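Q: I would like to learn how to read the ligand contacts and a helix pair in a model. Where do we start?

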Amino acid sequence: MTTILQILTSPRPNSFSRRIACDVTARLVALHPRAAIIDRDLAADPPPHPDLDLYEAILTPAVGDDDPRFALSERLIGELEAADFVVIGTPMNNFSVPSTLKSWIDHIVRIRRTFRSTPEGKIGQLRDRPVFIVTSHGGYMSGGYQPDFMTDYLRAIFETIGIRQVHFLCADGLSRGPESVERVLVQAKAWIDEHLPI
Ligand SMILES: Cc1cc2nc3c(=O)[nH]c(=O)nc-3n(C[C@H](O)[C@H](O)[C@H](O)COP(=O)(O)O)c2cc1C
């Protein structure tokens, strides 16, 4: 059975990143009709920031994966391991990812579990699979309008744990009026048709 992990981060019910990410998921379901969806809503249920317990568990090599301090980390990693496809919808917040998504990352990128540290660098431990990341931006992402600490960062994070098939659908200019929004929605539909043809 095909499994899709859908991660949404915007707290706005009419969020563009939610809407477009759900369109991507709907297309995957159309292509894989019996697909199961794991919903991970980081706005409704934000993962806690790493606390002292998690720090100590991560920094102590003898601590096993079944330690209770890794319970949430294991649950979130398990969702990722189960997924054949991952769909993420997220706004840009101050040139980077929202803190809720950063917290999720801090739970799933874990030494001795999802990556190994070697003298040559970090080696990802997860099976590669397609990840579709819809990013929403009030401003523009071209023409030097603003820095982008989000796209390369997310690519590096997934690469660290072994996932290289990362595809970005960038929805920008969303605070620039209805015509700009209309253009974005048309472009998003074309992007989905191109990357996930029926
Ligand atoms: C706290 C905060 C920070 C933001 N930072 C940026 C930013 O750095 N660049 C940008 O283009 N838009 C920024 N925005 C605008 C949002 O990215 C934009 O409104 C987006 O559409 C929100 O996503 P959503 O439609 O999925 O809810 C920010 C919005 C908020 C609330």
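A: A polar contact is a pair of N or O atoms within 3.5 Å. This is a predicted model. In it, a nitrogen atom of the ligand lies 3.1 Å from a polar backbone atom of Gly138.

Q: How many residues are around the ligand, and which come nearest?

A: There are 16 residues around the ligand, and Ser10, Arg12, Ser15, Ser17 and Asn94 come nearest. Sorted by class, the shell holds 10 polar, 5 nonpolar and 1 charged residues.

Q: How is a pair of packed helices described?

A: Two numbers are used: the angle between the helix axes and the distance between those axes. Here, helix α3 (residues 71-82) and helix α4 (residues 99-108) have axes that come within 8 Å and cross at roughly 95°. Angles of 65 to 115 degrees count as roughly perpendicular, and α3 and α4 are therefore roughly perpendicular to each other.

Q: Which residues of α3 and α4 meet?

A: From α3 come Leu72, Ser73, Leu76, Ile77 and Leu80, and they meet Trp104, His107 and Ile108 of α4. The residues of this contact divide into 6 nonpolar and 2 polar, with no charged residue.

Key:
Residues are numbered from 1 along each chain as its sequence is written. This is a predicted model: local features need pLDDT of at least 70, side-chain atom pairs count only at pLDDT 80 or more; totals for chains, interfaces and linings use all residues. Side-chain values use heavy atoms; hydrogens and water are left out. A residue is near a molecule or strand if one of its heavy atoms lies within 4 Å of it. A polar contact is a pair of N or O atoms within 3.5 Å; within protein, one must be able to donate a hydrogen and the other to accept it, and residues adjacent in sequence count only if both atoms are side-chain atoms. Ala, Val, Leu, Ile, Met, Phe, Trp, Tyr, Cys and Pro count as nonpolar, Asp, Glu, Lys and Arg as charged, and the others, Gly among them, as polar. Axes are lines fitted to C-alpha atoms, for helices over the stretch in contact, and angles run from 0 to 180 degrees between N-to-C directions. Helices (H or I, at least four residues) and strands (E, at least two) are DSSP runs, numbered from the N terminus. Angles under 35 degrees count as roughly parallel, over 145 as roughly antiparallel, 65 to 115 as roughly perpendicular and the rest as oblique. Contact means heavy atoms within 4.5 Å.
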